[in-house]
Amino acid sequence: MSDNVWGYRETSGRLEGADLTGYKVEAVDGSIGKVDKHSDEVDSSYLVVDTGPWIFGKEVLLPAGTVIRVDVDDQKIYVDQTKEQIKNAPEFDRQKHLGDADYHRQLGGYYGGPQGF
């Protein structure tokens with residue numbers, strides 16, 4: 001995990017300004033879905049992943065610090081979490097939680113990073 005759970009690791013290969021929408025997201029133990037939305041805001045970067053049938057069509061919010069590697073050629077993003085860890089994260093509701101500082105603190109704490117947002 002990076003020092004800041006809400007920032008991309010320098011080693012991730014993340015190209016600033018690149019559109020990650022539609023990239024497949026791979027957990028340690030398999031695919032979890034595709035990027036539906038992402039943010040590159042300093043200290044609040046994240047991915048919203050549409051999990052499709054894996055978690056019955058729900059979305060999950062992943063802090064950018066969970067990203068290990070971005071493969072631009074294959075359009076895949078690899079994260080350092082298992083499917084179970086992601087599934088057990090605090091439930092995400094786009095209408096309620098995007099931009100919600102309390103939710104971001106809770107999620108940051110869950111993923112083991114600084115809880116500030």
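Accessible areas here come from the Shrake-Rupley method with a 1.4 Å probe, and for residues only the protein chains shown count as cover. On that basis, the accessible surface of the protein comes to about 6200 Å², with 44% of this area belonging to carbon and sulfur atoms.

Colleagues, this is a predicted model, in which local features need pLDDT of at least 70 and side-chain atom pairs count only at pLDDT 80 or more, while totals for chains, interfaces and linings use all residues. Residues are numbered from 1 along each chain as its sequence is written, and side-chain values use heavy atoms, with hydrogens and water left out.

I turn to the fold. The protein has 3 helices and 6 strands, taken as DSSP runs numbered from the N terminus (helices H or I, at least four residues; strands E, at least two). Along the sequence the order is β-β-β-β-β-β-α-α-α.

Of the 117 residues, 44% are buried, meaning under 20% relative accessible area with a 1.4 Å probe, protein chains only. Among contacts (heavy atoms within 4.5 Å) with a separation of 6 or more, 52% are between residues 24 or more positions apart.

Is Val 49 buried or exposed? Val 49 counts as buried because its relative accessibility is 0%. Leaving aside residues up to four places away in sequence, Val 49 touches several residues, including Val 25, Ile 32, Val 35, Val 60 and Leu 62. Gln 75, 26 residues from Val 49 in sequence, lies 14 Å from Val 49, C-alpha to C-alpha.

Note on methods: Buried means under 20% relative accessible area, exposed over 50%, partly exposed in between (1.4 Å probe, protein chains only).
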